[in-house]
Amino acid sequence: MKTSPATILFILTLLLNSLSQAQTNSPALLDKELNTLFASVPDFSGVVLIADKGKPVYQKAFGYKNFETKEPVTTASIFELASVSKQFTAMTIMMLKQQGKLAYDDLLEKYIPGLPYPGITIRHLLNHTSGLPDYQDVMDKHWDKSKVANNADNIAYLIQYHPAKLAEPGAKYEYSNTGYMLLASITEKASGQDFIEFCRTRIFRPVGMTHTDIRTREEKIKLPDMAWGYMYVPEKKRYIRADSFPEFNYAIWLGNRKGPGRISSTVGDLLKWDRALYTNQLVSQQTLKDAFVPAKLTDGSFTHYGFGWELKQSDKLGKVVWHDGDNPGYKTQIIRYIDADKTIILLCNNAHEKLPVILKTIESLVEK
């Protein structure tokens, strides 16, 4: 039975008030307060990991990876990351830039000729200021959905149907899956390597992310610990597999896209990724700094986005970089307090409506 939203909100409000009065952020208190939090949201499904200087101080699993069979989620369950994948796409570009194989201010047409959108640079793609239209809209209108589209198909349809740009390059921040799809294709062109293989051989394996990959639907079906995405249907009073809804089938017919999403992983592997970003293993710290600098628009104002990372400041803990992801049934989040070396990783497979309040509560605990 689902707890009423009003009851949940009341409990969480009391919890937030109690957290603000707490005098310590010890692991014991953290565990107690989070157990209280999740007891108030009994239908949450997912995994939460909180780490301090790379050491997990809270790591627990809730709910089901398969709501039909009631198989429980474990801390080793694999989730779709959705747009949390973008930080990996940005990393491939930074690695190639460090190797001298591309420059951030290279024009898009150098790598992908024929696109009818002049003046766009790699930098514009990285920080969502390209002004490009949404490729998914074009594919939804024109693509034969009995087939599975890849990046080459997406690019061909952008060229063929030429939807209008949303803004001039550099003039406006506009979150763009199109930009990150094109970045993956640029990685392939500049490296001479398939994007998936690049990620596997140059990021996932070196970092030790043994449960992380860019998988096809068929490959995910074979995984015994795959946490499938679910959505609550009030009329049926139960959770239904998200990919059974026709309106969410885009995750299937765009299933061969690369760049904006599609990485699946575990909280443990994402913590390994977090640790690697404090080293020079993938790129130098000097190169990595570019990822955490906001974009400057043509009017002189700054955005809140770097290269694959949202940016914000904590009054108590300093610089914070983060990203969320949202796919049918999935909501994901990684928050890195890079000055304080604290990390929050949350992977949810039932798109819980109270996730914003859950995250606010967790952040208030970590920032005490």
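This is a predicted model: local features need pLDDT of at least 70, side-chain atom pairs count only at pLDDT 80 or more; totals for chains, interfaces and linings use all residues.

Reader: What percentage of the residues is buried?
Author: Of the 368 residues in the protein, 55% are buried.

Reader: How many helices and strands are there?
Author: The protein has 13 helices and 13 strands. Its radius of gyration is 21 Å, close to the 21 Å given by the globule rule for 368 residues, so the protein is as compact as a globular protein of that length. Along the principal axes, the C-alpha atoms fill a box of roughly 55 × 45 × 40 Å.

Reader: What share of the contacts comes from residues 24 or more positions apart?
Author: Such residues account for 66% of the contacts with a separation of 6 or more.

Reader: Let us turn to the strands. Which strands does β1 pair with?
Author: Strand β1, residues 46-52, pairs with strand β2, residues 55-62, in the antiparallel sense over 7 bridges. It also pairs with strand β13, residues 342-348, in the antiparallel sense and over 7 bridges.

Reader: Which residues stand opposite L49 and I50?
Author: L49 stands opposite Q59 in β2, while I50 stands opposite I344 in β13.

Reader: How many residues of β1 are buried?
Author: Strand β1 is mostly covered, with 6 of its 7 residues buried.

Reader: What lies between β1 and β2?
Author: The two strands form a hairpin with 2 residues between them. In the turn, K53 has a positive phi of about 55°.

Reader: Which strands make up the open sheet, and in what order?
Author: The open sheet has 3 strands in the order β5-β9-β6, with antiparallel pairing. β5 (79-80) and β6 (213-214) each have a single partner strand and stand at the edges, so one side of each is left without a neighbour in the sheet. Between β5 and strand β9, residues 263-265, there are 2 bridges, and E80 stands opposite S264 in β9.

Reader: On to the rings. How many aromatic pairs does the structure hold?
Author: It holds 14 aromatic pairs. One of them is F38 with F44, a tilted pair at 5.2 Å centre to centre and 40° between the planes. F38 and F44 are both buried.

Reader: Why is the pair of Y157 and Y161 tilted?
Author: The ring planes of Y157 and Y161 stand at 50°, with the centres 5.5 Å apart, so the pair counts as tilted. Both residues lie in helix α6, residues 151-161, and are 4 residues apart, about one turn of the helix.

Reader: Are Y157 and Y161 buried or partly exposed?
Author: Y157 has 18% relative accessibility and therefore counts as buried. Y161, at 33% relative accessibility, counts as partly exposed.

Reader: Which residues form the aromatic cluster?
Author: Y64, F67, Y230, Y232 and Y239 form one aromatic cluster.

Reader: Lastly, what lies over the faces of W253 and W228?
Author: K145 lies over the face of W253, at 4.8 Å from the ring centre. R241 lies over the face of W228, and its distance from the ring centre is 4.2 Å.

Technical notes
Residues are numbered from 1 along each chain as its sequence is written. Side-chain values use heavy atoms; hydrogens and water are left out. Buried means under 20% relative accessible area, exposed over 50%, partly exposed in between (1.4 Å probe, protein chains only). Two strands pair if DSSP finds at least two bridges between them. Rings of Phe, Tyr and Trp (its six-membered ring) pair if their centres lie within 6.5 Å; planes under 30 degrees apart count as stacked, over 60 as edge-to-face and the rest as tilted. A charge sits over a ring if NZ of Lys or CZ of Arg is within 6 Å of the ring centre and within 35 degrees of the ring normal. The radius of gyration is taken over C-alpha atoms; the globule rule is 2.2 Å times the number of residues to the power 0.38. Contact means heavy atoms within 4.5 Å.
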